[in-house]
Structures are given as structure tokens and as C-alpha cells.
Amino acid sequence: MTRYREICADLAERIRSGELPEGTELPGVRELASRYGSTASTVGRAQRALADAGVIVTSDRRRSRVATAGAVAARRFLHADLVFRLAGSDDPALDAVTRTVGRVIHSVESEGSFNGLRAVRQGRADGAAVHLLHHTGVYNAPFARDLLRGWRPHLIHLWRREQGLIVPPGNPLSLRTAADLVKVRVAKRRYGTGTRVLFDRLLLTAGLDPDTVAGPETGSHLETGLSVASGVVDAGLCVRSVAHDLGLHFVPLVVEDYDIVLGAAALDAAAPLLVALHDPAVRTMVTELGGYDATDSGKVTELGP
């Protein structure tokens, strides 16, 4: 039993490190048994375990090879006991994905992108979901570089998503742009959220003072949608998927990058989420919500020292 686990761990580590890249064909079972000083049956059992974990692909007629995204699966296999503490922005698709992953992801109480980044900086979270447009015109990366300097900051790309005005069916007030919001009651996300930053930016660009727009603050995209659906407000800034779920009209305004910011030390704990993001079925689930582009979901970018 100990030898079997050692073989699993050694092969998984070599795949995780990139020594055995995606698509690499592994030596035959007998050759591996000779290298490890073990039996063919023990090596075969180790390979079956790695195949079940998605690290390698086995075949009756060919030698085993490293699976697509095998390095990510190997990271998950090696660190199955870790929990990824995730803070930050609210998103219906992210909620759906984390439910598929299960208990290895723990949600940290922190509403919004700014508070999520603060939780990571304070050590209360391992990563933060964010959608913040920097003054340079780049999403998320500049904030990660500045706030996690010295932590080897990384971005995990989740998806691109549409945000726009969510209004009653038929758009009875003919709202088309942020400039139209000055004459209606609007559900506004609370300060510290990326959507509130976007809301204020759109109004300022239209030459309006955000403080002059009337309406209550909401705690999530769903709450914004429910405020519109119940008639409490005339409009809100929200993701398309909520309009789709509630049968409301959606006026697209922006497409934004939605990412997770984290330090290099948290990548092992994030492995189960990365595996899910590479799963075609999970990507399909996300895009079917409406307003999401999951083409590059799970792409990891290292931002610097």
C-alpha cells in the first residue's frame, strides 16, 4: 500500500512540475515497475488511480499518457486535503461552479471586489473574485500586482461576462444608456463592489453625478434583479444571467473580465476549482446561464514577483 502511494505521488509531482508535459507518453508498466523496484500490478494500480483523478489517460492498446490539463489534475491529486478560501465579487455562474466543486472551496464573508482583495491581503482568504477596470484600461491585473507584490501574484481567468441595465419586460421607459438613469429609481450595489465602481464610472462618463441617482442599495446581482421584478425600482446594473432567470429585459453596456486574484502559494488549494473550469460540461453550464464567455476559463497567468 505504501509503495503504491509513493508511485502515485512521484508520477503526479513530475506531471505537476512540468517534467512530464501534457500528452507525454509514459513508459510501459513493466519498465516503470523496474524503475520503482516494484511489481507490475502495483504500478498498474497506481496508474488506474491517476487515471481516475484525470491526471493521465490509459488505453488497452497504447501506453498511458499525461492528460490534457494533467498538471492541474495532478496538483489537485497531491493536495486533496487543502481548502481554498474564496472571497470577493458576487456572480451567479461562480456560485454554480463552486457548488459542483463542493467543500474544498470555502466562501469568506466579504462583499465585493475591494473587500475580497482586502481579505486576501489580510490573510483571511486565499483568493478573491474581482472585476475591476484599472485607469490604464486593463482589468484586474494591475490591482493584483500592486496589492500582492512579493506574493508572486497570479490571475485565474473565470470568464468574460456582460453587464448592463436590467429593466421590466419590454423596457417600458425605453432606457438605453447610463445617462437615462437620472430620471428613474435605480437599484445600486453597495460601495466596495466592482459593479458599484462600474456604475459610478458609467454615470461620470455620461456627465452625471452618481450621488444624484435615486434608489436603494442591494447586496447581490439577484437582489438587484428582484428589486426590478417586484417594481421597487425601475432599473439596475446587473449581469445578463439574472435578467434571463427572472424574465426581465436586458440592455447590454459592457463586457468585463472576471478573474480570481491569488498568490502563488494558494495555487495548490485552488486546484479543484481549476479542474472544474477546464471541464467542458462546466463551461457549457456557465455559458447556458446567459451572458458568459467561458472560452479561456481556467487559464492561469503569473503576473510577476
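## The largest pocket

The largest pocket has 19 lining residues, and Gly88, Ser89, Asp90, Ser107 and Val108 are the ones nearest its centre. Strand E3 (84–88), helix H5 (92–101) and strand E4 (105–111) are the elements that give two or more residues to this lining, and E4 gives the most, with 5 residues. The volume of the largest pocket is about 380 Å³. Its lining consists of 5 nonpolar, 8 polar and 6 charged residues.

The model is predicted: local features need pLDDT of at least 70, side-chain atom pairs count only at pLDDT 80 or more, and totals for chains, interfaces and linings use all residues. Residues are numbered from 1 along each chain as its sequence is written, and side-chain values use heavy atoms, with hydrogens and water left out.

## Terms for spaces and elements

On a 1 Å grid over the protein atoms alone, a pocket is an open set of points with protein on both sides within 12 Å along at least five of seven lines, whereas a cavity is a set where a 1.4 Å probe fits but cannot get out; lining residues have an atom within 4 Å of a point. Points are joined across faces, edges and corners, and a volume is the space filled by probe spheres set on them. Helices (H or I, at least four residues) and strands (E, at least two) are DSSP runs numbered from the N terminus. Ala, Val, Leu, Ile, Met, Phe, Trp, Tyr, Cys and Pro count as nonpolar, Asp, Glu, Lys and Arg as charged, and the others, Gly among them, as polar.

## The second largest pocket

The second largest pocket has a volume of about 230 Å³. Its lining includes Tyr139, His157, Arg160, Asp257, Asp293 and Lys299. Strand E6 (153–167) and strand E10 (249–263) each supply at least two lining residues, and the largest share, 4 residues, comes from E6. The lining divides into 3 nonpolar, 3 polar and 6 charged residues.

## The cavity and glutamate 256

The structure holds 1 cavity of 30 Å³ or more. The largest cavity has a volume of about 60 Å³, and among the residues that line it are His131, Tyr139, Leu198 and Glu256. Helix H8 (residues 194–205) gives the most to this lining, with 4 residues.

Glutamate 256 lies in strand E10. With a relative accessible area of 1%, glutamate 256 is buried (under 20% relative accessible area, 1.4 Å probe, protein chains only). Its side chain makes polar contacts with the side chains of histidine 131, at 3.1 Å, and arginine 161, at 2.7 Å. A polar contact is a pair of N or O atoms within 3.5 Å; within protein, one must be able to donate a hydrogen and the other to accept it, and residues adjacent in sequence count only if both atoms are side-chain atoms.

## The nonpolar cores

A nonpolar core is a set of buried Ala, Val, Leu, Ile, Met, Phe, Trp, Tyr and Cys residues joined through side-chain atoms within 4.5 Å. The largest has 38 residues, of which Phe84, Val97, Trp159, Ile260, Leu262 and Leu273 touch the most other members. Among the elements giving two or more residues to this core are E3, H5, E6, E10 and H11; H11 gives the most, with 5 residues.

Leaving aside neighbours within four places in sequence, phenylalanine 84 is in contact (heavy atoms within 4.5 Å) with residues including Ile105, Ile260, Leu262 and Leu273.

Technical notes:
Buried < 20%, exposed > 50% of the residue type's maximum accessible area, 1.4 Å probe, protein only.
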